[in-house]
Structure formats: structure tokens, C-alpha cells
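Me: I have a structure open and would like to learn how to read it. Can we take it feature by feature?

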Amino acid sequence: MAAPREAPERRPFGRRFLTDPARLFQHNAWDNVEWSEEQEASARSKVQENSSQLLPQDKQEEYEVNAKRYWDDFYKIHENGFFKDRHWLFTEFPELAPNRSPSQNGDSAHKFSNKEESNSEGLGSCENGHCSLETRAENQLNMIKSTPKVCMEELAAQKSSELNQSDGDYPGSSASYRILEVGCGAGNTVFPILQTNNDPGLFVYCCDFSTTAVDLVQNNAEYDSSRCFAFVHDLCNDQSPFPMPDESLDVVILIFVLSAILPEKMQCIVSRLSRLLKPGGMILLRDYGRYDLAQLRFKKGQCLSDNFYVRGDGTRVYFFTQDELNDLFTTAGLEKIQNLVDRRLQVNRGKQMTMYRVWIQCKYRKPTAPPL
């Protein structure tokens, strides 16, 4: 008999859904929107329809082998114009700015959320599965992909990194609070952290599978090598080195990243990242939930496997349930602090379109003492 599932956690705040269309289009978004049984059944039916025809295996392998090229092309086209800085981070994840007061967090969130909502007015399309309307700037799809080959340069870098780490000499080795963002993209999470967190002991690492994305970060005028280290990293290759040793990080950030990885590789990746955490360190995740708008808009012939799709530009995306993420993190030895679903209604007032977004937000912590 299957174990009973916990009731899903939901965000304990937010505006209620308004059913009057005349009032509906005067607003831009509602948090914590409840779905009716009919709405969920309709979403399930759309997913069954768009996943009824899977891509041939040879095509799936092509997308895996060429994943890096697809993401490099994505960043060459969009550079940093596709994304917005995520100033909501410090409300949702105060661990990223531990020296800020709650009032500072609130002021920052209020200040930037209004700007972001007005900037998103008139958007609302989901092109190739990349949805452009994200009320809190959650549309950065900086994903990590895999490539099967390990070049000699990577192996040489790994040996050098291991030597430096054994001597306690690595980027950020003297820092007292270390953060790693996996899938940094153009830096729209990294730079707000550096701007907001003025802790002199802070050091931020950021990596991406795309060389083009890392170049964008390193060439940004705000990149400060004394507080930040950006590097190219293939998360799916367990021979690809990290510049820091195990048990050295306070926080690992995964924002719309894990969903881009081949599902059968996810557990190994989460377990590997958990080893980088200090006891008491945390993984913070924000990613796509099952039946999100982006999933419902896929057409037949774009499905790779259950809830895993390829976009028109060759990049891929998975849509999670809370239970799936909980299993990944607890199997890696982490304990749940938060695992909630955020169902949000977004309204494009220009086009009078309603869009239902589903995201999952998680915080999982490495125990301070090994389990008995």
C-alpha cells in the first residue's frame, strides 16, 4: 500500500481570485489561486493529448548531445535582454541576504515588484515554451544541460582545482558565507545578490553550461572578481570539477535549472550538490510545476517522455510535482524546510488574456549532525 501523501503546502498570503471579468482585467496578478476540479481535469487532458506522440529516440539523443549548442545559441540571440533582475529573491529567500532587516526585504520587494509588473504589461506569449510574462521576473530559464564528453582541458582543470583545494587556496576560500548559483545565465540573480548583500564575508560562485552565458556575466560592468567567481560547468558530468571543496557552501541556488536536465540524471546531480553544502547549508529551488501554462501550450510531437518536452529552439524542460522534488532532496540526505506550490493567475490586460502559472518553491537543509 502506498504511503499517504502530505497535503500540499500553499502560500499563506496573496490576493483572492476575482470571478467578475470587469474587475479581473483591472489587475495584473493573483497569488495562491485555487483550481477547481474541472480546471485541473482540463489541464490533465491537455497534457495527455500533447504527450500522446513521443519524439523518436534518435531525435531525443540529438537534443541531448547538442544541448550545449542550443543554449549557447539561446544566449547569443537574447543576451541579457530576455530576463529581469530577480529582486523578489530576498522576500522569498531571505537566506541570500541574511544581514538585511525584514523591513528592508519588504521595501525592496515592493519597490521592484511594481516596476516589473508594469514592464510585463502587454506581454503574455509563450514562445517555444519560454513564457515572457512573469510577474516577479521568474522567467529566467538559465538551465544546465549535459554533454557526454570530457575534454582534456577539463581533466587538467580538475587536477589543478584538487591541488588548490587541498592547500585551502581556492576562489572565495577566505569568505565566511558562500553562495553558489547553478545555471546563472546572464547574471540576473547573481548581480542583485551582490548589490543587496553587503556582508564583507560574502562570496558568490555562479556557473552555467553555456559558455556564452558565463561570458555575459564576466563582461558585465558589475562583475567583481573579489566577491564573485563565474565559471563554465557541466553539472551532468561528475568529472567536471567545482572550484570549491565539499562542505564549503552555505547556499546552493537552483532557479528554473533542474527542470532542464534529463530526468534520469536529476538524482545524481542533487546528491552531488548536497555534498558541497556545509552542515546546516541549504538548497533553494524555484521551478516549473505540473500543469503550468508552458506545459499546456506544447503541441504534439514535442514530448520526450512523461512531463518532459523540447522547445522549438532545442532547449528542454520538465514539469515537477512536489512529491518528485521531495524524493530527490530527501534521497540526497537533506531535510525539508519548505516545499510549496504557487499557483498564480496572471492577466494581460492589453490582450485580455488570463494565464495560469504553476511553480514549486523548495528549501532543503543539510542536517547539522549525521542521522543515527
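Reply: Start with strand β5. Tyr 177, Ile 179 and Glu 181 on one side are buried, and so are Arg 178, Leu 180 and Val 182 on the other, which leaves both faces covered. Buried means under 20% relative accessible area, exposed over 50%, and partly exposed in between (1.4 Å probe, protein chains only). Helices (H or I, at least four residues) and strands (E, at least two) are DSSP runs, numbered from the N terminus.

Me: What should I know about the model and its numbering?

Reply: This model is predicted: local features need pLDDT of at least 70, side-chain atom pairs count only at pLDDT 80 or more, and totals for chains, interfaces and linings use all residues. Residues are numbered from 1 along each chain as its sequence is written, and side-chain values use heavy atoms, with hydrogens and water left out.

Me: Why is β5 called largely enclosed by the rest of the structure?

Reply: Count its buried residues. Six of the six in β5 (residues 177-182) are buried, so the strand is largely enclosed by the rest of the structure.

Me: Which strands pair with β5?

Reply: Two strands pair if DSSP finds at least two bridges between them. β5 and β6 (residues 202-208) pair in the parallel sense over six bridges. Tyr 177 has Leu 202 as its bridge partner in β6. From β5 the chain crosses through helix α8 (residues 190-196) to β6, a right-handed β-α-β crossover. Right-handed means that, with the strands pointing away from the viewer, the path from the first strand over the helix to the second runs clockwise. β5 also runs parallel to β8 (residues 249-255), joined by four bridges. There, Val 182 stands opposite Leu 254.

Me: Where does Glu 95 lie, and is it buried or exposed?

Reply: Glu 95 lies in the loop between α5 (89-92) and α6 (102-120). Glu 95 is buried, with a relative accessible area of 18%.

Me: What is Glu 95 in contact with?

Reply: Contact means heavy atoms within 4.5 Å. Leaving aside neighbours within four places in sequence, Glu 95 is in contact with Tyr 177, Val 251, Met 282, Leu 284 and Lys 363. Take Val 251: Glu 95 is 156 residues from it in sequence, yet 7.8 Å away in space, C-alpha to C-alpha.

Me: How many helices and strands does the chain have?

Reply: The chain has 12 helices and 14 strands. Of its 372 residues, 53% are buried.
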